[in-house]
Amino acid sequence: MTLPPATAAALLDHDAFRSALGHFPSGVTVVTGGAPDSPVGFTCQSFSSLSLDPPLVVVLPGRSSRSWPAIAASGRFCVNVLAEDQRQLSNVFARSGADKFADVRWSPTPLGSPLLAGVSAWVDCAVKEIHPGGDHFIVVGEVRHCGAAAAPPLVYHRGRYQGIRDASECDPAASAGLPRRAPGLGRRPEGVGSKV
């Protein structure tokens, strides 16, 4: 028997929902922007690539974010993909009210948003669209510049920070020098593994 949508929504346990989503590992980013003399930023797990042509990404700032209004007003932002050793930086930018940039090294991106030192990757964007999305905003960013380093990214999974091990450490085929996928499967399905 199928429940009507309103009844099904009423029965949803929010703790169970949060727990279920926590099983999906995500990268950890800090979204930065604002005016050059008053930079702002916030920790954000809700980040994804949207399109390769044109190059677009999506970030989902909370409606209660104090940093997002200044970033939106500037019309640009930088997604800083944190490196595995930047857990403390994630915690700093997750707090409200403090001067988050007090002891943080950064330089301006080509568009002028803060690029944090030591990140795994960065994506410099112009705000293209903003849509309502429940208790968040759905922000589409048009990518103008980007870069990456060799540092492995920081991962958040089931309420904890984690790192990424090299595939050869946990894949017997890789450590034996064997191919990890069958010949002819080199092209990934649309939308899979295309995170920026």
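This is a predicted model: local features need pLDDT of at least 70, side-chain atom pairs count only at pLDDT 80 or more; totals for chains, interfaces and linings use all residues.

Biologist: Which residues of H4 are buried?

Modeller: H4 spans residues 87-94, and within this helix Leu89, Ser90 and Phe93 are buried. They are on the same side of H4, because the arc they cover around the axis is only 105°.

Biologist: And which residues are exposed on the other side?

Modeller: Gln88 and Ala94 are exposed there.

Biologist: What covers the buried residues of H4?

Modeller: The cover includes four strands: E2 (29-35), E3 (38-44), E8 (114-116) and E12 (160-162).

Biologist: Switching to rings. How many aromatic pairs does the structure hold?

Modeller: Two. One is formed by Phe93 and Phe101, edge-to-face, at 5.1 Å centre to centre with 85° between the planes.

Biologist: Buried or exposed, that Phe93?

Modeller: Phe93 is buried, at a relative accessible area of 1%. Phe101 is buried too, at 9%.

Biologist: What about the rings of Phe101 and Trp106?

Modeller: Their centres are 5.9 Å apart and the planes are at 70°. Planes over 60 degrees apart count as edge-to-face, so this pair is edge-to-face.

Biologist: Why does Trp106 count as partly exposed?

Modeller: Its relative accessibility is 32%. Buried would need under 20% and exposed over 50%, so Trp106 falls in between.

Biologist: Which residues do the ring pairs link into a cluster?

Modeller: Phe93, Phe101 and Trp106. Phe93 is also one of the buried residues of H4.

Key:
Residues are numbered from 1 along each chain as its sequence is written. Side-chain values use heavy atoms; hydrogens and water are left out. Buried means under 20% relative accessible area, exposed over 50%, partly exposed in between (1.4 Å probe, protein chains only). Helices (H or I, at least four residues) and strands (E, at least two) are DSSP runs, numbered from the N terminus. The arc is that of the directions from the helix axis to the C-beta atoms. Contact means heavy atoms within 4.5 Å. Rings of Phe, Tyr and Trp (its six-membered ring) pair if their centres lie within 6.5 Å; planes under 30 degrees apart count as stacked, over 60 as edge-to-face and the rest as tilted.
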